[in-house]
Amino acid sequence: MRVDELGSVAALGQALLDRAEDLGEALADAVLAQVPFYDASPTVAATDLRQSSVEHLRFVFSALTSEQELDLAAAEETGRQRAEAGVPLPALLAAYRVGFRHIWEHVVAEGRGSGVDTETLLAATEHAVAAHDAFAHAASAAHAEVVAGQLVRHQERRAAMVDALLGGRIAERSAVWELAGMLGLGVAGPYVAVAVAVPTLGQPALERLEEDLRARDLPSVWLLRPDRQLGVVEVRRPEQLSALVTRLRQLATTPTGISSSFEDLADARDAVRLAESAMESARTGAGQLVRVFEDSPLALAATGSPELLQRVARTVFARLDEQRPGDRELMLDTLAAWLDAGGSTSHAAEALFLHPNTVRQRLKRLEELTGRSMTDPRQVAELCLALEVRRRWSAERTATDQPMRNNTVGDRDGQG
C-alpha cells in the first residue's frame, strides 16, 4: 500500500472510530431485529449487546488506523460471555454476519463521503474484512472452548446421576422422580435394565446407543463401566420391549442381558443385577448374544445368588401368584405330587385322593398360568426349580416365625 493510500485509509478509519459509539448502538438494534435468538432470549442484556457491538466496531476501525496487531481480548471475552449465557454458536455467528454488513456499508459510505479514490476504498474494505474475520474467529473459538468445558462438566454430572440411579443410592422417591426428569426418563415406567459386555477396557460395545434408541421412541440412560455398559430403558408399551430386544439383537456383537420389566426407578439396582446375570448367561451359553431374563431361568439360576433364585421363582409363578391363595396352593400341591410321582397323573391322583381328571385339569391350568408345558423337559425343570425355591423359602419363613410365636406364648404364660 502506498504511503498516501495508507494515510487515507487511516483517516477513514479514524473518522469511523470517532462515531463508534453511535454506530455500535445502531448495530445492536440491527442484531436484535435480524437475529431472532437475541430478540426472544433474555440471556443477553441490551446493554451488554450494545457494549460488545461497540467493541467490535472499535476493533475493526482501529485496524484501519494502524498496521500494528490488535488485542483480541475483547472478542474472546464476548465469546466466553455468550457461551456462558447459553447463546448458541449459530446465533453468535449470525450476529457477526449482521456486523459485517454494517461494517462494509459504513466503510463504503464514509469513503465516498470523504472523496477517497477507488483503490483506497478497496484497501480499506480489505483491511476491515480481515479485522472483522479475526474478531469473529476469536469470539467463536472462545465460545467453543467454553461450550466444550460445559459439555464435559455436563457429561460428568450426568454420569454421576446415572451412577447414583443404577447403584440405588437415591432413597427418597421424590429425588428419584426429579432425577428421572433431569435424565429425560418418565416417572411411571415400566423400564428394563440392560447390561452389555465391553470387548475392550473402557470402550463402549455399542456407540451412540442412546441416540439410536431415542430415535425409536425408547428413552434411555447409559453408564460405561470398565467391563460393561449399563443402561435403563423406558418401555411404556409392550411392543416397545419387543422393539428394544429386536434392535439390540441387530446391534449386539458381545453378550447382552435384559432384565425383566420393573415399574419403580428405585428398583433400578436390582434390575441391573438381573440384566448382568442374563448377560453372564449369554456369555457362557450357546445361541443368541442377547438374553432376556425370563428366557432361561435355569441358565440364570446357575449363575445367581439366593436373591436371584427368588426372582426366578417369582417370574415363573407370576400369574399363578395373582390367583386366590387357596387355588394357588392347590395347584402347587398338585404339581408337587405329580413331580414326586415321576410325572404319573394316576399316581399323583392316588396320593392326593383325587380323580385323575382333576389332576389333569389342575396341571392344564398350571400350564396356562405359567406358560410352561408339562411335556417339555426344560420347562418342567423350570417348574421344578421354582417350586423348590418356593418350598425352601416357605420352610425358612416357618422356621423363623416359630421361635417368635413360642416366645410370645411364654410371655403370656409368665404374665398369667
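## Arg328 and its surroundings

In this predicted model, Arg328 touches Leu320, Asp321 and Gln323, when residues up to four places away in sequence are not counted. Arg328 lies in helix H14, and because its relative accessible area is 17%, which falls under the 20% cut-off, Arg328 counts as buried.

## How H14 packs against H16

Two packed helices are described by the angle between their axes and the distance between the axes. Helix H14, which covers residues 325–340, packs against helix H16, residues 356–370, at an angle of about 110°, and their axes are 9 Å apart. The two helices are therefore roughly perpendicular to each other, since angles of 65 to 115 degrees are counted in that way.

On the H14 side, the contact is made by Leu330, Met331, Thr334, Leu335 and Trp338, which meet Val359, Arg362, Leu363, Arg365, Leu366 and Leu369 in H16.

Helix H16 has 15 residues and reaches 21 Å from its first C-alpha to its last, close to the 21 Å expected at 1.5 Å a residue. Its buried residues are Val359, Arg362, Leu363, Leu366, Leu369 and Thr370. Seen down the axis of H16, these buried residues fall within an arc of 120°, so they line one face of the helix. An α-helix has 3.6 residues a turn, so residues three or four places apart point the same way.

The face of H16 turned away from the buried side carries the exposed residues Gln361 and Lys364. Just after H16, Gly371 takes a positive phi of about 70°.

Definitions and conventions
Residues numbered from 1 in each chain as written. Predicted model: local features only at pLDDT ≥ 70, side-chain atom pairs only at ≥ 80, totals over all residues. Heavy atoms only, no water. Axes fitted to C-alpha atoms, helices over the stretch in contact; angles between N-to-C directions. Helix = DSSP H or I, 4+ residues; strand = E, 2+ residues; numbered from the N terminus. Parallel < 35°, antiparallel > 145°, perpendicular 65-115°, else oblique. Contact = heavy atoms within 4.5 Å. Buried < 20%, exposed > 50% of the residue type's maximum accessible area, 1.4 Å probe, protein only. Expected span 1.5 Å × (residues − 1). Arc of directions from axis to C-beta.
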